[in-house]
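Biologist: Please show the model, and then let us discuss it in questions and answers.

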Amino acid sequence: MRAMPAADPGALGETIAARLTELAAVSDEPGRLTRLYLGPGHRKAADLVANWMREAGMTPRMDAVGNVVGRYRARDGGPLTLMLGSHIDTVRNAGRFDGALGVVTAIEVVRAASKAGTRYPFAIEVIAFGDEEGVRFASTLGGARALAGNFNLHALDEVGEDGVSRRQALVAFGCNPSRLAEEALSPDRALAYVEVHIEQGPVLENEGLPVGVVTAIDGVTRGTVEVDGIAGHAGTVPMPMRKDALAAAAEMLLAVEERARSRSNLVATVGKMDVPGSAANTIPGQARFTLDIRSPSDQERVGAVSDIKETIAAIAQRRGVTARLSVGHEVPAAICDAGLSDQMAQAVESCGVAPRRLPSGAGHDAMAFDGIIPFAMLFVRCRGGVSHNPKEFASPGDIDIAARVLSTFLDRIGSQ
Ligand SMILES: [Zn+2]
């Protein structure tokens with residue numbers, strides 16, 4: 001196994017950054033980056049990425065859900081495939097690194113291997129997923145779920161804002177949704193899925209590290225809390241006689257925050273609070289707020305939800321209001337493969353970087369492979385932790401390190 005030529009260590013990062021700029025110019029809207037699934041920007045981006053794959057020594061194709069898949073054959077025609085990828089769809093008014101970074105980095109790492117004449121004992125498929133963000137249709141991770149074989153076929157009937165269904169959009173894009181199930185991967189032939197992605201958070205920047213190894217994609221519990229008190233005149237009801245729903249909700253919010261702050265592997269957010277019928281001179285009779293609780297440990301998250309439920313009930317009782325917590329949405333954590341993550345951490349170390357491990361609070365294509373094939377992720381520092389925004393930025397130097405880590409990782413897996 002030959003390592004990538006290291007004569008010009010910055011070149012790969014510069015090349016990837018330049019291609020990301022080129023890809024970011026491909027948009028559905030003039031003047032800002034919006035590339036929705038199966039839209040005109042997606043069409044052009046898919047063609048561009050397929051060309052890059054071809055030039056890099058891969059054979060590209062488009063699958064039944066609009067993913068672009070580039071195959072780099074194995075050294076000796078071996079049956080196993082290692083998948084590298086991320087997504088090329090974006091949110092509206094997006095940055096140019098979210099998703100695209102993982103796709104372009106994988107292509108350039110394969111290009112470097114191809115140039116150096118390196119083949120691995122497994123084939124590599126670089127995948128540009130078309131539908132991670134879930135902007136156009138209701139469900140997310142459509143591209144990765146289809147490949148992983150856990151796509152819910154009912155999602156084909158989802159209709160976007162333009163009145164077009166996912167099925168109709170696929171056909172118009174030249175895809176054949178009836179082949180969707182049969183094109184799913186065979187878990188016994190897929191070695192693993194590995195994704196490079198910007199962190200979308202501030203941890204690596206805060207610690208002065210260019211990359212980090214992901215331990216897990218956080219599980220999530222979402223819910224709402226409805227607090228009912230008694231509305232009253234702001235002037236006439238003495239303080240001890242009040243049943244103020246908003247004051248109770250405020251105390252509950254702070255208790256949620258305090259519970260999450262007491263742990264290092266838990267985050268909890270009240271992102272929205274409504275006070276129905278509120279007025280400046282009325283004691284609020286009702287308050288509603290949302291809960292979003294995440295952790296890489298399901299045990300930690302479930303424990304927190306249970307504690308929060310108890311605390312909310314205690315606050316409600318003390319204040320003479322009623323509170324009801326309803327859980328709306330629950331997704332378990334997706335744990336990265338320990339062996340692959342160790343290999344990734346060793347690749348990070350051999351590139352001269354301390355191997356920081358961190359969970360992902362955001363969802364990624366990789367989670368679609370949970371329980372199907374092993375997966376691992378590498379995070380790249382992004383400036384200010386800013387993402388889903390045109391200000392999103394990862395430096396060519398950091399991208400270069402990520403590319404070298406990925407290349408070293410492939411060499412390590414290939415020589416096992
Ligand atoms: Zn992303």
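Modeller: A definition comes before anything else: helices (H or I, at least four residues) and strands (E, at least two) are DSSP runs, numbered from the N terminus. This is a predicted model, in which local features need pLDDT of at least 70 and side-chain atom pairs count only at pLDDT 80 or more, while totals for chains, interfaces and linings use all residues. Residues are numbered from 1 along each chain as its sequence is written, and side-chain values use heavy atoms, with hydrogens and water left out.

Biologist: Where is His-388 placed?

Modeller: His-388 is not a glycine, yet its phi is positive, at about 55°. With a relative accessibility of 40%, His-388 counts as partly exposed (buried means under 20% relative accessible area, exposed over 50%, partly exposed in between, with a 1.4 Å probe and protein chains only). Its place is the loop between strand 16 (375-380) and helix 10 (396-414).

Biologist: What is the relative accessible area of Asn-93?

Modeller: Asn-93 lies in the loop between strand 3 and helix 3. Asn-93 has a positive phi of about 60°, although it is not a glycine. This residue is partly exposed, and its relative accessible area is 27%.

Biologist: Which residues are the protein donors of the zinc ion?

Modeller: Donors are N, O and S atoms within 2.8 Å of the metal (3.2 Å for Na, K and Ca); water is not among the atoms, so sites may look incomplete. In sequence, the donor residues of the zinc ion follow the spacing H-x10-D-x98-H. Lying 1.9 to 2.2 Å from the zinc ion, the protein donors are His-87 (NE2), Asp-98 (OD) and His-197 (NE2).

Biologist: How many residues apart are Asp-98 and His-197?

Modeller: Asp-98 is in the loop between strand 3 (81-87) and helix 3 (100-115), and His-197 is in strand 5 (residues 190-198). Both Asp-98 and His-197 are buried. The pair links distant parts of the chain, and its separation is 99 residues.

Biologist: What share of the residues in the protein chain is buried?

Modeller: The C-alpha atoms fill a box of roughly 85 × 50 × 40 Å, taken along the principal axes. Of the 416 residues in the protein chain, the buried share is 51%.
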